[in-house]
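Please consult the sequence and structure shown here alongside the text.

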Amino acid sequence: MNRLEPVQTLPQAQPSKRGPWRLLWLAVGMTALGLLLGVLGMYLSAWSSPDLSSASLSDYYWDTPMLW
């Protein structure tokens, strides 16, 4: 019980071999997911209003550039 256990250390960091393509792929993927989320949100918000025509509200969303 008086013996000390050896301390485990983390391995040394290795340089990344993936290059700049990983960063580009990440940026394109995150942009695409953001656009998909925005389009899905606009679509669902157009269909969630029971008082208004969902088709005309959806057309209004797509025709209004300030929403984009």
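## Helix packing

In this predicted model, helix α1 (residues 20-47) and helix α2 (residues 54-63) pack with their axes 8 Å apart, at an angle of about 145°. Their crossing is right-handed. On the α1 side, the contact is made by Val39, Met42, Ser45, Ala46 and Trp47, and on the α2 side by Ser54, Leu57, Ser58, Tyr61 and Trp62.

## Serine 54

Serine 54 is found in helix α2 and is one of the residues that make the contact with α1. Is serine 54 buried or exposed? Serine 54 has a relative accessible area of 14% and therefore counts as buried, the limit being under 20%.

Apart from neighbours within four places in sequence, serine 54 is in contact with Ala46 and Trp47. The C-alpha atoms of serine 54 and leucine 44 are separated by 9.6 Å, and these two residues lie 10 residues apart along the chain.

## Nonpolar surface patch

Leu23, Leu26, Met30, Leu33 and Leu36 make a nonpolar surface patch of about 570 Å². Within this group, leucine 33 is found in helix α1. Because its relative accessible area is 53%, leucine 33 is classed as exposed, a class that requires over 50%.

## The chain overall

The secondary structure of the chain consists of two helices and zero strands. The chain has 68 residues, of which 10% count as buried. Its accessible surface is about 6,900 Å², and carbon and sulfur atoms account for 68% of that surface.

Terms used: Residues numbered from 1 in each chain as written. Predicted model: local features only at pLDDT ≥ 70, side-chain atom pairs only at ≥ 80, totals over all residues. Heavy atoms only, no water. Patch = residues over 30% accessible without salt bridge, like charges linked within 9 Å, V, L, I, M, F, W, Y side chains within 5 Å. Areas by Shrake-Rupley, 256 points an atom, 1.4 Å probe, with all protein chains shown as cover. Salt bridge = Lys/Arg side-chain N within 4 Å of Asp/Glu carboxyl O. Helix = DSSP H or I, 4+ residues; strand = E, 2+ residues; numbered from the N terminus. Buried < 20%, exposed > 50% of the residue type's maximum accessible area, 1.4 Å probe, protein only. Axes fitted to C-alpha atoms, helices over the stretch in contact; angles between N-to-C directions. Left-handed = near helix turned anticlockwise from the far one by under 90°. Contact = heavy atoms within 4.5 Å.
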